[in-house]
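Please read them alongside the coordinates.

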Amino acid sequence: MDQNKCEKLAQIREIQIARIAFIGASIATIGDGIAALAAGLALEVLENNYEQTSRSYPSDPNQLINAQRNLDHYINELIQLRKSIK
């Protein structure tokens with residue numbers, strides 16, 4: 001095989017490997033964001049349960065709406081990442 005072709009194939013392979021690494025890092029970052037959001041929500045629920053043991057009223061609906069927006073954002077990020085892979 002020609003030296004020039006070998007070098008081009010090696011470069012293409014390195015680009016593909018870098019692309020896969022980028023995709024993996026992006027997915028991990030989005031996963032970390034979702035995990036942080038879930039941990040924050042869990043902490044909030046625990047704190048609210050602790051504070052509300054003597055009181056009984058529903059959670060702030062705005063907090064649930066914000067949590068849903070955050071989840072929607074992360075889901076859209078995954079969709080965009082999936083589209084960029086194709």
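**Notes on the predicted model**

1. Of the 86 residues of the chain, 10% count as buried, and this figure, like the others below, refers to a predicted model. The accessible surface of the chain comes to about 7300 Å², with 58% of that area belonging to carbon and sulfur atoms.

2. The secondary structure amounts to 2 helices and 0 strands. Helix α1 covers residues 3–51, and because each residue should contribute 1.5 Å, its 49 residues should span 72 Å, which agrees with the 71 Å that separates its end C-alpha atoms.

3. At the N-terminal end of α1 there is a cap provided by D2, which places a side-chain oxygen 3.1 Å from the backbone nitrogen of N4.

4. The axes of α1 and α2 come within 11 Å and cross at roughly 170°; since angles over 145 degrees count as roughly antiparallel, the two helices α1 and α2 are therefore described as roughly antiparallel to each other. On the α1 side the contact is made by I23, S26, I27, I30, G33, I34, L37, L41, E44 and N48, while α2 contributes Q63, A67, N70, L71, Y74, E77, L78, L81 and I85.

5. Which residues of α1 are buried? They are I23, S26, I30, G33, L37 and N48, and these buried residues pack against α2, which covers 61–85. As a general point, an α-helix has 3.6 residues a turn, so residues three or four places apart point the same way.

6. E44 deserves a separate comment: this residue lies in helix α1, and because its relative accessibility is 25%, E44 counts as partly exposed. E44 and Q63 are 19 residues apart in sequence, and their C-alpha atoms are 9.7 Å apart in space.

Key. Residues are numbered from 1 along each chain as its sequence is written. This is a predicted model: local features need pLDDT of at least 70, side-chain atom pairs count only at pLDDT 80 or more; totals for chains, interfaces and linings use all residues. Side-chain values use heavy atoms; hydrogens and water are left out. Helices (H or I, at least four residues) and strands (E, at least two) are DSSP runs, numbered from the N terminus. The expected span of a helix is 1.5 Å times one less than its number of residues. Buried means under 20% relative accessible area, exposed over 50%, partly exposed in between (1.4 Å probe, protein chains only). Contact means heavy atoms within 4.5 Å. A polar contact is a pair of N or O atoms within 3.5 Å; within protein, one must be able to donate a hydrogen and the other to accept it, and residues adjacent in sequence count only if both atoms are side-chain atoms. Accessible areas come from the Shrake-Rupley method with a 1.4 Å probe; for residues, only the protein chains shown count as cover. Axes are lines fitted to C-alpha atoms, for helices over the stretch in contact, and angles run from 0 to 180 degrees between N-to-C directions. Angles under 35 degrees count as roughly parallel, over 145 as roughly antiparallel, 65 to 115 as roughly perpendicular and the rest as oblique.
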